[in-house]
Amino acid sequence: MPPRLVLASESPRRRELLASIGLTPDVIVPADIDETPMKDELPRRLAARLAAAKAEAVAALHPDDYVLAADTVVSVGRRILPKAADAREVAECLRLLSGRAHRVVTGVSLRGPGGRRGDRLVETRLKMRRLTEADIVAYAASGEGEGKAGGYGIQGRAGAFILSLSGSWPAVVGLPLHETEALLTGQGWRRP
């Protein structure tokens, strides 16, 4: 049987991004790892470490397949914002991001048959407009920012909050497409 494409994430956004370039994972196996940042860990290091750890965890279960994993980290300076668990955390993140520049770093990791490895890191800089308290409360109440790094999803309502973006829009959503396709092609994966 030819190697399959395994996505180590249950994120619907990552599946949609892959579909936009004609890729459909054969198997979806969410990685179960501890995503807590280490003491004094910087955003770039965290994104790279978590993407690699997710790929390794799932590749241990699927050693003959291509395992694709990613992790997205939002930061203001050295401060890493959480994946907002609830409306309160969404509002806290938005208050911090309001009127400020921030970075979104997405790590992508691919493990191929025979233990081949490939990793990429994509950083995007964004600036959010100054939000009113009504903006923040309404967005938090929508539930859209829950479960998302930094408490917002650029592909939804929060797209209207962004004044500027320098880098990769798909990476902000959760998966840089150019780098992902380059990793797959570089390891010899072929579209079915």
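**A walk through the chain**

Let's start with Arg 79, which sits in strand β4, residues 79-80; strands here are DSSP runs of E of at least two residues, helices are runs of H or I of at least four, and both are numbered from the N terminus. Arg 79 is exposed, at 54% relative accessible area. For the cut-offs, buried is under 20% relative accessible area, exposed is over 50%, and partly exposed is in between, with a 1.4 Å probe and protein chains only. Setting aside neighbours within four places in sequence, Arg 79 is in contact with Val 74 and Leu 96, where contact means heavy atoms within 4.5 Å. From Arg 79 to Ile 154 you go 75 residues along the sequence, and 20 Å in space, C-alpha to C-alpha.

Quick housekeeping. This is a predicted model, so to speak of local features we need pLDDT of at least 70, and side-chain atom pairs count only at pLDDT 80 or more, while totals for chains, interfaces and linings use all residues. Residues are numbered from 1 along each chain as its sequence is written, and side-chain values use heavy atoms, with hydrogens and water left out.

Now the whole chain. We have six helices and seven strands, and reading along the sequence the pattern goes β-α-β-α-β-β-α-β-β-α-β-α-α. Of the 192 residues, 50% count as buried. And if you take contacts between residues at least 6 apart in sequence, 67% of them join residues at least 24 apart.

On charge, there are 28 positive and 23 negative side chains, with the centres of the two sets 6 Å apart. Lys and Arg count as positive, Asp and Glu as negative, and His and the chain ends are not counted; each charge is placed at NZ of Lys, CZ of Arg, CG of Asp or CD of Glu.

Back to individual residues. Ser 75 is in strand β3, residues 66-76, and is buried at 1% relative accessible area. Not counting residues up to four places away in sequence, Ser 75 touches Pro 43, Ile 80, Leu 81, His 102 and Arg 103.

Which aromatic rings pair up? The structure holds one aromatic pair. The rings of Tyr 139 and Phe 161 have centres 5.6 Å apart and planes at 70 degrees, so the pair is edge-to-face. The rule covers rings of Phe, Tyr and Trp (its six-membered ring) with centres within 6.5 Å: planes under 30 degrees apart are stacked, over 60 edge-to-face, the rest tilted. Tyr 139 lies in helix α4 (133-142) and Phe 161 in the loop between α4 and β7 (162-166), so the pair ties together parts 22 residues apart in sequence. Tyr 139 is buried at 2% relative accessibility, and Phe 161 is buried at 7%.

Last stop, two loops. Asp 40, in the loop between β2 (27-28) and α2 (43-59), has a positive phi of about 65 degrees although it is not a glycine. Asp 40 is exposed, at 62%. Gly 22, in the loop between α1 (12-20) and β2, is exposed as well, at 54%.
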